[in-house]
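Biologist: Please show me the model, and then let us go through it with a few questions.

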There are 2 protein chains.
Amino acid sequence: MSFTLFLVFSIAHANNFEQDIEKIKQSALTDEHAYHLIESLTTEVGARLVGTDRSNKAIDWAEKKLLEIGVTQVTKQAVKVRDWQRVSAEATVTSPYSHKLVVTSLGGSVPTPETGIEAEIIRFSSIEHLKTAEKSDVAGKIVYIAKKLIQDKTGDDYIKTVQGRLEGAIVASQLGAKALIIRSITTDNSRIAHTGSVQYLADVDKIPAAAISPADADLLDRLFSRNLTPKLNLKLINTETKWLDSYNLIADITGSEKPEETVLLAAHLDSWDLGTGALDDATGVGVVIAALKQLLDAEVELKRSLRVVFFTDSLFKQNGALEYIKAHKDSLNQIVAATEMDFGSGLIWRLDTKIASSSLKFADAVHTRVSDLGVERGHNNSTSSTNVAHFIPYEVPVFHWVQDASNYFKYLHSANDTFDKVQLNAVQQNVAVLSIFSFMVANSDMQFKLNSSDKQ
Amino acid sequence: MSFTLFLVFSIAHANNFEQDIEKIKQSALTDEHAYHLIESLTTEVGARLVGTDRSNKAIDWAEKKLLEIGVTQVTKQAVKVRDWQRVSAEATVTSPYSHKLVVTSLGGSVPTPETGIEAEIIRFSSIEHLKTAEKSDVAGKIVYIAKKLIQDKTGDDYIKTVQGRLEGAIVASQLGAKALIIRSITTDNSRIAHTGSVQYLADVDKIPAAAISPADADLLDRLFSRNLTPKLNLKLINTETKWLDSYNLIADITGSEKPEETVLLAAHLDSWDLGTGALDDATGVGVVIAALKQLLDAEVELKRSLRVVFFTDSLFKQNGALEYIKAHKDSLNQIVAATEMDFGSGLIWRLDTKIASSSLKFADAVHTRVSDLGVERGHNNSTSSTNVAHFIPYEVPVFHWVQDASNYFKYLHSANDTFDKVQLNAVQQNVAVLSIFSFMVANSDMQFKLNSSDKQ
């Protein structure tokens, strides 16, 4: 092949490449498949707490949907998960005024005695504030963390606020508290309580933990502003008896040239029991399947393989991700890049990465193809999302498509996470971005793995 | 007194009058008393279903607050009210997919059997649609009225939509239905169910009636759009055993010249049990008390009397208003004008009236004094609000200060009717309008009673 011929071929190839991207983008921007999938999962399956029949039904649903779009290799990886179940929750202020609060157990919370716990409430503005408390002030009381989530696009305040939910029961227990309540971690002011998992340590007494609605937190705050010390009767009934079988669902499209090199696309099928998991994470699941469909329908070549994993147990301990890593330890280095869609239906507005500095130009090139969709180029120190975060210690390179969080935290982990909250235009943009990203990485030779100079 | 002297006196009087109005307006527009009263009632009393201890506590609270601002004549009128109590509500779609719906009994609903009612759902787009149905299609089923409330400033669609709640159980029962569910009458899309009273007829079987959340109504609609016929298990536990004692609370400020002529200012203290009745109607109560306080603090003369009535049982049958009318039948013609504040904390944007055409100029003059607050002049065919509406057949002249309904119907009759939804600036505007209205009517000679020519 003469040099001239090669150049012509290369330009022709480049032209096709750009045309393919444009074709995929335009098609994805009018895609309704993802939206229909979200509708289908939330309508036909609904709430799907990990390990339950509904959760297994969701896994079957996804397998069927993947086969329907033409994916031929779909497998399951068995994962043991908790069978924690929410039964009921009641919280009543008994003094100085009587009020019933809207409350829900944090996910995984131990129950109270059947008659409930009645104790004075002690208020802390944040987990940091709680950490400065004296045992003598806290012992025997119900700790209340009043931290309010601030609304913004980045969702950065969530990282700060969620510490109260994650660590609160441990810190409160160490100070001798009988129970923990937190202001629901949400930017909404509905009379709806938002769950989310609570963490315990093996060597610290587990105390019951619950979230109250924002409007009820306001009420408590008004009682405290009167210098009154409200008493609360808290009754949480939850059960947990055994380990259940659940599954990671894995779908593969084999690459034509380097099948062993894999682009990992993640989302999760399990949801909290309160809503129908529309934003968390039917949307991610719908977007990932629809992006695959875009690539299959476009009949474009994919030199590297694409692997979709819908990790189970995303909401408790990410046993799905952990078991996946354990089972695939020897091949994790074949994941050329990983990304996760698990942030509701906000527009993607930034690309963060954690990749080799030698590959940043390639990420910029991907970004260039989607910048007209409102995506900015962010930093190279991404911690990714819930499941893919567990891959980072194994040096799996990460692309993180940061979504607008403005609406997400209104509904997250609550009964209000339902299909009507899903924004079609954002879903379509998400599909476009994910399709183009997958297409470009799958057809490149670029290695993103952090090299020794990156790690200094 | 010479003519000149009279003119000077009259102008001086007119100047004082306008100065008083301006003083009251400016003071009211920075009034925080109403807002603090709303905060106090919702924090220290909270939910106050008519006839309950909480409701009686609210009446005591209001008496105290009236005495505190310097009202000296506060009396109670005993009224018998229902002791209907909500215990629990569950609604589960059992086929073709399993879903738990967010549901609440309509106020006054009879209970289901303890095991619930399980039946096919039959969907109607509206009460009008239901009225065209055949008995053979409806018998044995659970009727579902899917009408969605349209959001607008006027709230006019509420009048249409609420018919489904008021008449639905009667019409459905006549068609042989086992129960009624309606889409919650709200412009919100929260996973919260909105109650409101249901009506029955003595000679029609009473069937259980409930409202489901808007997001759950969407879910049902999606099932129906698949041409599936969902089954529902509906379990409503409510109790009602006896009549309870409640009270209208009546506060009087005696007029200096024509004490027998009275301006009636109405609101209500009872609330639904789900929220804390902040918009319905702590706001009305707060605004009325604060308007009185404005007039008392300004030390202005009031030639006619002002009478505040906080009617009890506003939310079921308005027994408070009906008993008031019965007890005061002979003096109703001394009410020169009546108005009611019972529409949440939206800005007043229009003045409607139902008064003699010979007095319209005076209403226009009142309107002129508040038009800078964003108030338009409306029509003269007002039906007023819940309680004062009962006075219209007795030819009591009505001023109706129409409030912006945009937010009101998001929260009305739901757990979400809490203090955080109250808008301070609107409350202040409401106080300004009500103070000026009361001041002007109390100091005028104008008779508003519809005369024979008006009634043609």
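Predicted model: local features only at pLDDT ≥ 70, side-chain atom pairs only at ≥ 80, totals over all residues.

Modeller: Residues are numbered from 1 along each chain as its sequence is written, chains are lettered from A and ligands numbered from 1 in the order in which they are written, and side-chain values use heavy atoms, with hydrogens and water left out.

Biologist: How many cavities of 30 Å³ or more does the structure hold, and what is the volume of the largest cavity?

Modeller: A cavity is a set of points, on a 1 Å grid over the protein atoms alone, where a 1.4 Å probe fits but cannot get out. Grid points are joined across faces, edges and corners, and a volume is the space filled by probe spheres set on the points. The structure holds four cavities of 30 Å³ or more, and the largest has a volume of about 60 Å³.

Biologist: Which residues line the second largest cavity?

Modeller: Lining residues have an atom within 4 Å of a point. The second largest cavity has a volume of about 50 Å³. Its lining residues are B:S271, B:W272, B:L274, B:G275, B:G277, B:D280, B:H413, B:S414 and B:D417.

Biologist: Why is helix α8 of chain B largely enclosed by the rest of the structure?

Modeller: Helices are DSSP runs (H or I, at least four residues), numbered from the N terminus. Buried means under 20% relative accessible area, with a 1.4 Å probe and protein chains only. Helix α8 of chain B, residues 278–298, is largely enclosed because 18 of its 21 residues are buried.

Biologist: Which residues does A:V370 contact, leaving aside its neighbours within four places in sequence?

Modeller: A:V370 lies in helix α10 (residues 360–370) of chain A and, at 1% relative accessibility, counts as buried. Contact means heavy atoms within 4.5 Å. With those neighbours left aside, A:V370 is in contact with A:V375, A:W401, A:V433 and A:I436.

Terms used:
1 Å grid on protein atoms, 1.4 Å probe; cavity = no way out; pocket = protein on both sides within 12 Å on 5 of 7 lines; lining within 4 Å. Buried < 20%, exposed > 50% of the residue type's maximum accessible area, 1.4 Å probe, protein only. Helix = DSSP H or I, 4+ residues; strand = E, 2+ residues; numbered from the N terminus.
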